[in-house]
Amino acid sequence: MSTKPTILAVFAHPDDEAFSVGGTLTHYARKGVNVVLACATRGEAGKITVPGMTVDDLGQQREQELRAACEALEIPAPVFLDYHDSGRYERTRTDDPLALMNVTPLEAEPKLRALIEQVQPQVILTFDPHGAYGHIDHLQIQRTTSSAFFSTGHLPYGGPQRLYFTAMTSEAAKGLAGMGRDLDPLIYGVSDSTIAVTIDVRPYAENKKAALAAHGTQMGATSLVGRLSPEERQAMEQRLLGSESFSIGGTRTGLPAFPLRGLFDGLPGFESLDA
């Protein structure tokens, strides 16, 4: 097995990482873990949420925003898989062959397998099977990442040992539903007993705030966050800046306990990371 502790986090768009795993990435980076963030697209079809702002190349702008967010999270610059953002609603790019919605997971898997072979992670993080809130790109990259986990166990270094999905409890999903997301909390949220790992990210609250702020085009006055009332914003920040939770998508080792103390708990040679 690879002796360098490594996490590979795989998401669809710039800003996905800041909302769901930002604090966790900083937590492990400070412990000396090699953190690799792979972003499938550059968010080319996103919506600019700052009134009056014009951007010549939104993909290039959002790439720079993600690079700044990585600096805020104290992790290396991202790796891009070079697919295109599928967009949503009137921005949906049904005719773009590189839009993630038009690329099957089996077509995208070899590219991710090559990255896994290169960086040799023990731990992989990605979206839950519902893609957080059902975005097609989230669903596509979740399926691709899950497939790649299961097809890389034969790699000479031993392959990734754990696959984790981001997870929010049904109570947290109720909070999102109350802020304009049309989500059934019993579908998009999970039971408390499904949570395998919870990371206390309060020590990294400022990192996470800075990472979110770095995604300026997506955090303006017309964004979901920008339209929140002060009370709603406070409730959201309590959830985002308090803890980050994960369920188990796959494992090649036994579990020493449940829930686990951290992402590396029970992985031979890496137990000290979660002591």
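**Before selecting**

The model is predicted, so that local features need pLDDT of at least 70 and side-chain atom pairs count only at pLDDT 80 or more, whereas totals for chains, interfaces and linings use all residues. Residues are numbered from 1 along each chain as its sequence is written, and side-chain values use heavy atoms, with hydrogens and water left out.

**The whole chain**

Display the entire chain first. The chain holds 10 helices and seven strands; helices (H or I, at least four residues) and strands (E, at least two) are DSSP runs numbered from the N terminus. Its radius of gyration is 18 Å, close to the 19 Å that the globule rule gives for 275 residues, so the chain is as compact as a globular protein of that length. The radius is taken over C-alpha atoms, and the rule is 2.2 Å times the number of residues to the power 0.38. Along the principal axes, the C-alpha atoms fill a box of roughly 55 × 40 × 35 Å.

Colour next by accessibility. Of the 275 residues, 53% are buried, where buried means under 20% relative accessible area, exposed over 50%, and partly exposed in between (1.4 Å probe, protein chains only). For contacts (heavy atoms within 4.5 Å), consider those between residues at least 6 apart in sequence: 77% of them join residues at least 24 apart.

**Helices H4 and H6**

Select residues 105-119, which form helix H4, and residues 136-150, which form helix H6. Two packed helices are described by the angle between their axes and the distance between the axes. Here the angle is about 55° and the axes are 8 Å apart. Axes are lines fitted to C-alpha atoms, for helices over the stretch in contact, and angles run from 0 to 180 degrees between N-to-C directions. H4 and H6 are therefore oblique to each other; angles under 35 degrees count as roughly parallel, over 145 as roughly antiparallel, 65 to 115 as roughly perpendicular and the rest as oblique.

Show the side chains at this contact. From H4 come Pro105, Ala108, Glu109, Leu112, Arg113 and Ile116, and they meet Gln140, Arg143, Thr144, Thr145, Ser147 and Ala148 of H6. These residues divide into five nonpolar, four polar and three charged. Ala, Val, Leu, Ile, Met, Phe, Trp, Tyr, Cys and Pro count as nonpolar, Asp, Glu, Lys and Arg as charged, and the others, Gly among them, as polar.

**Helices H3 and H9**

Move to helix H3 (residues 58-73) and helix H9 (residues 205-214), which pack at an angle of about 175° with their axes 8 Å apart. That angle makes H3 roughly antiparallel to H9. In H3, select Glu65, Ala68, Ala69, Ala72 and Leu73; in H9, select Asn207, Lys208, Ala210, Ala211 and Ala214, which complete the contact. Seven nonpolar residues, one polar and two charged make up this contact of H3 with H9.

**Backbone points**

Most residues other than glycine have a negative phi, and most peptide bonds are trans. Select Tyr89, in the loop between strand S3 (79-80) and H4. Tyr89 is not a glycine, yet its phi is positive, at about 55°, and with 60% relative accessibility Tyr89 counts as exposed.

Ala132, in helix H5 (residues 131-134), also has a positive phi, near 70°. Ala132 is partly exposed, at 21% relative accessibility.

Then select Phe258 and Pro259, whose connecting peptide bond is cis, with omega near 0°. Pro259 belongs to the segment after strand S7 (243-251).

**The segment after S7**

Stay in this segment and select Leu267, which is buried with a relative accessible area of 0%. Leaving out residues up to four places away in sequence, Leu267 touches Gln122, Val123, Gln161, Arg162 and Thr253. Arg162, in strand S5 (residues 162-167), is likewise buried at a relative accessible area of 0%. A C-alpha to C-alpha line from Arg162 to Leu263 spans 8.0 Å, across 101 residues of sequence.

End at Leu273, also in the segment after S7 and buried at 11% relative accessibility. Beyond its neighbours within four places in sequence, Leu273 is in contact with Pro5, Tyr28, Lys31, Val33 and Phe264.
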